[in-house]
Amino acid sequence: MNPPPPDPLGDCLRDWEELQQDFQGIQETHRLYRLKLEELIKLQNNCTSSITRQKKRLQELALVLKKCKHSLPSEAEEAAQELESQIKERQGLFFDMEAYLPKKNGLYLSLVLGNVNVTLLSKQAKFAYKAEYEKFKLYLTIILILVSFTCRFLLNSRVTDAAFNFLLVWYYCTLTIRESILINNGSRIKGWWVFHHYVSTFLSGVMLTWPDGLMYQKFRNQFLSFSMYQSFVQFLQYYYQSGCLYRLRALGERHTMDLTVGESGMAVPPWNADRGAGRAGLLLLTGV
């Protein structure tokens, strides 16, 4: 006797019942998620306001201490110095705390992205974004070496030159945006390095819009040769600095969001100067 034919409608109904049960679980999970998210936002606001108040009081305390320091007796100077060091250490702790709290974007990020929160909440997400930023620099450096070599020795065309200069404009614009996001997430990138990328963006735009002519042709080969040299040095520097930075992180001397010196100009934070100054000297040897 042949088995009865399968019932497609019955199978669909059974699948629908299973989906209904799963959907109820999803709804409950999403409800809990929204409740926890509201609690998280309240905690973020409370923590931000508390840190702001205490930082203001610390500034007032440091100012009063600075004014009365010269009139203190000799036996009280040691206590005043100890209090100053504790204030600096507290400021460093606040810096680490604020890296996990939402903050207003600076002028540049506000113009580019608007009022979007770019603060990453987990340490893993911050480190992953920093690692992706480092890979982006490395890959683009290799591409710039190849393209500048092609324009310098193989192709002498204003079209290929314009493509290379457009790549430079896009590269430096992207770097400034990513570096601003990293700063919002606790990275100690030096301001002079970010400013130099703004200048590089402007100068690359000048090269992009420079009309072809005698002066352009005279400057072209020098510019392409310099671009090759600069990209090659950055390529070598990346591998050397990344090795030094990895060792210092393993020793606990560097922050997890610090970058290679060639792009960040890292400095030892004031509350950790004595412990990290010696080893950080390795990283400052080849700083740009």
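Visitor: What should I know about the model before I start?

Guide: This is a predicted model in which local features need pLDDT of at least 70 and side-chain atom pairs count only at pLDDT 80 or more, while totals for chains, interfaces and linings use all residues. Residues are numbered from 1 along each chain as its sequence is written, and side-chain values use heavy atoms, with hydrogens and water left out.

Visitor: How many helices and strands does the secondary structure come to?

Guide: Helices (H or I, at least four residues) and strands (E, at least two) are DSSP runs, numbered from the N terminus. Here the protein has nine helices and zero strands, so the order of elements from the N terminus reads α-α-α-α-α-α-α-α-α.

Visitor: How do I compare the span of helix 4 with what is expected?

Guide: The expected span of a helix is 1.5 Å times one less than its number of residues. Helix 4 has 32 residues and reaches 46 Å from its first C-alpha to its last, close to the 46 Å expected at 1.5 Å a residue.

Visitor: What percentage of the residues count as buried?

Guide: Buried means under 20% relative accessible area, exposed over 50%, and partly exposed in between (1.4 Å probe, protein chains only). Of the 288 residues of the protein, 31% count as buried. The buried residues of helix 4 include Lys126, Tyr133, Phe136, Leu144 and Cys151.

Visitor: Now for charges. How many salt bridges are there?

Guide: Side chains of opposite charge can pair when their charged atoms come close. A salt bridge is a side-chain nitrogen of Lys or Arg within 4 Å of a carboxyl oxygen of Asp or Glu. By this rule the count is eight.

Visitor: Which part of the structure holds the pair Asp11 and Arg14?

Guide: An α-helix has 3.6 residues a turn, so residues three or four places apart point the same way. Asp11 and Arg14 are both in helix 1 (residues 8-68), three residues apart, about one turn of the helix. Their salt bridge has its closest N and O atoms 2.1 Å apart, and Asp11 is partly exposed at a relative accessible area of 35%.

Visitor: Which salt bridges link distant parts of the chain?

Guide: One of them joins the side chains of Asp96 and Arg188 (3.7 Å, N to O). Asp96 sits in helix 2 (residues 74-98) and Arg188 in the loop between helix 5 (158-184) and helix 6 (191-209), 92 residues apart. Asp96 is partly exposed at 28% relative accessibility, whereas Arg188 is buried at 17%.

Another is formed by Arg178 and Glu132, at 2.4 Å from N to O. This pair connects helix 5, where Arg178 lies, to helix 4 (residues 123-154), where Glu132 lies, across 46 residues. Arg178 is buried, with a relative accessible area of 17%, and Glu132 is partly exposed, with 36%. Salt bridges with shared partners also join Lys130, Glu134 and Lys137 into one network.

Visitor: Which residues does Arg220 touch?

Guide: Contact means heavy atoms within 4.5 Å. Arg220, in helix 7 (residues 214-250), is buried at 3% relative accessibility. Leaving out residues up to four places away in sequence, Arg220 touches Cys151, Arg152, Leu155, Asn156, Ser157 and Asp161.

Visitor: And where does Thr119 lie?

Guide: Thr119 is in the loop between helix 3 (107-113) and helix 4, and is buried with a relative accessible area of 8%. Outside four places in sequence, the residues Thr119 touches include Tyr100, Pro102, Lys126 and Asn184. For the protein, among contacts between residues at least 6 apart in sequence, 71% join residues at least 24 apart.

Visitor: Where does UniProt place the feature "transmembrane region"?

Guide: UniProt positions are given in the numbering used here, feature names are shortened, and annotations may be inferred rather than shown by experiment. The unreviewed UniProt entry places this feature at residues 136-156, 162-181 and 193-211. In the model, residues 136-156 are 90% helix and 0% strand, with end C-alpha atoms 28 Å apart. Residues 162-181 are 100% helix and 0% strand, with end C-alpha atoms 29 Å apart.
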